[in-house]
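Welcome, and please take a moment to look over the model before reading on. The paragraphs below will walk you through it step by step.

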Amino acid sequence: MRKNRRRIWSVFLVAVAFGTLVLSLGIYARSGFGALAGISSDSMVVHMDFNVFWHSAKALLEGRNLYYDTGGPDSSANPPLWTLIISPFALLEPLTAYRLFVSITVLTSVAYLAWMADELRLRAGWVAIGVGMLLLSSPLLGTLALGQMYPLLALGLVAAWVADRKGRLTLSGVALGLVVAVKPQLAPVILWPLVRRRWRMLGATLASGAAATLAAIVVAGPGSLLDWLSYVGKRRPDGYWDNNTLPGAAVRLFSENDFVNPIATLSWMVPVAYILGAGIVILTAIRVRRGSEAGLWALVAASLLASPIAWHNYLVLLGPGILLLLARGRVAPALLLFALQSIPPDWSLLWRYGDTVVAALALTLCLYILIAHWLAFLTDEAVAKESTASGTVRSAPGE
């Protein structure tokens with residue numbers, strides 16, 4: 001009976017994945033495949049994130065403030081370390097620098113996905129499907145168009161995961177620490193070595209993160225760190241549809257905002273969302289303690305859910321985790337996550353500024369997608385144990 005239920009559930013997930021892909025292709029066709037056009041655009045207005053980074057890097061080279069009055073369209077939400085890392089790009093003209101940055105991030109994306117697939121020993125057919133779907137996913141295409149850093153962070157996460165798997169704990173910790181230093185909102189991933197009592201990895205994580213941060217402070221000045229803390233401390237979720245966090249969804253669904261009418265005005269739901277996010281991180285850490293291979297990716301997803309702001313394109317960080325599910329024989333959930341990542345941002349155009357409950361719920365799709373990733377990673381070990389106990393384990397696509 002349990003075996004039949006599992007088969008029915010798998011068939012259902014595959015059917016939903018297929019329907020999602022058809023829907024995504026329809027939306028893409030209707031919008032004229034705007035994401036690809038964005039990548040090839042000559043306008044730095046389109047490449048907004050990189051435009052912000054470039055102006056901050058230019059300010060660093062000229063000895064000016066990194067966060068205020070840089071001449072960019074906005075202030076960078078990243079610590080001084082990231083500005084230091086990309087400072088060489090400020091030696092080039094903005095569009096030329098963007099083209100070079102995109103070329104590097106494309107190569108990086110191919111590299112970490114191929115590295116993950118090789119480590120998992122996925123069969124060639126599944127590599128083509130999995131890597132191909134992730135390279136054409138909406139979050140990655142959006143990342144490339146905006147000029148964001150997520151593929152570089154994903155490379156660091158893959159390096160940490162592979163090194164841990166091979167028992168190279170110091171190297172794993174160094175990679176993990178650098179990722180957190182560049183993107184501090186991923187700090188909950190430090191629980192990965194902590195709860196598993198990988199003390200050498202934990203020490204390397206803290207040491208590398210602190211050393212990288214200190215190096216950036218020495219170069220940019222201690223005032224740069226204070227300016228960054230001041231800026232991010234003032235940021236609050238505003239209900240924007242692309243923010244897929246629990247607090248972001250709470251603002252959209254239960255507070256007045258500029259994007260859709262809330263389903264109810266309940267201001268107390270926002271602090272509840274923060275508490276729920278903290279609970280999700282704690283629950284994930286408890287599950288990770290048992291040694292699940294998907295534990296790192298579950299913690300990444302949990303940290304995004306709990307953050308005040310995390311854009312939909314952050315899903316790039318979770319792509320390698322989907323390949324892991326595929327290698328462990330969880331084909332149906334993996335295919336569903338691939339399909340969910342294919343939904344283009346133009347979905348939101350159908351619901352923005354709506355005044356119905358359906359519009360508010362539909363505009364919260366990014367949250368549902370992130371929760372689906374988190375649940376798939378969180379339950380990975382439990383599903384594997386249940387399959388083993390019932391004698392239904394089959395050869396994984398990587399075996």
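Residues are numbered from 1 along each chain as its sequence is written. This is a predicted model, where local features need pLDDT of at least 70 and side-chain atom pairs count only at pLDDT 80 or more, while totals for chains, interfaces and linings use all residues, and side-chain values use heavy atoms, with hydrogens and water left out.

Let us begin with the cavities. A cavity is a set of points, on a 1 Å grid over the protein atoms alone, where a 1.4 Å probe fits but cannot get out, and its lining residues have an atom within 4 Å of a point. Grid points are joined across faces, edges and corners, and a volume is the space filled by probe spheres set on the points. Counted this way, the model has two cavities of 30 Å³ or more.

The largest cavity has a volume of about 50 Å³. Among the residues that line it are Tyr 112, Leu 134, Val 316 and Gln 341. Helix 5 (94-120) and helix 16 (319-327) each give at least two residues to this lining; helices here are DSSP runs (H or I, at least four residues), numbered from the N terminus. Sorted by class, the lining has seven nonpolar, three polar and no charged residues, where Ala, Val, Leu, Ile, Met, Phe, Trp, Tyr, Cys and Pro count as nonpolar, Asp, Glu, Lys and Arg as charged, and the others, Gly among them, as polar.

The second largest cavity has a volume of about 30 Å³. Its lining includes Thr 284, Arg 287 and Phe 377.

Now turn to where helix 15 meets helix 8: Leu 157, Val 158 and Trp 161 in helix 8 touch Leu 296, Trp 297 and Val 300 in helix 15, contact meaning heavy atoms within 4.5 Å. These contact residues divide into six nonpolar, no polar and no charged.

Finally, find Ile 280, which sits in helix 14. Is Ile 280 buried or exposed? Ile 280 is buried, because its relative accessible area is 11% and buried means under 20% (1.4 Å probe, protein chains only). Leaving aside neighbours within four places in sequence, Ile 280 is in contact with Leu 246, Ala 302, Leu 305 and Trp 374.

Note on methods: On a 1 Å grid over the protein atoms alone, a cavity is a set of points where a 1.4 Å probe fits but cannot get out, and a pocket is an open set with protein on both sides within 12 Å along at least five of seven lines; lining residues have an atom within 4 Å of a point. Buried means under 20% relative accessible area, exposed over 50%, partly exposed in between (1.4 Å probe, protein chains only).
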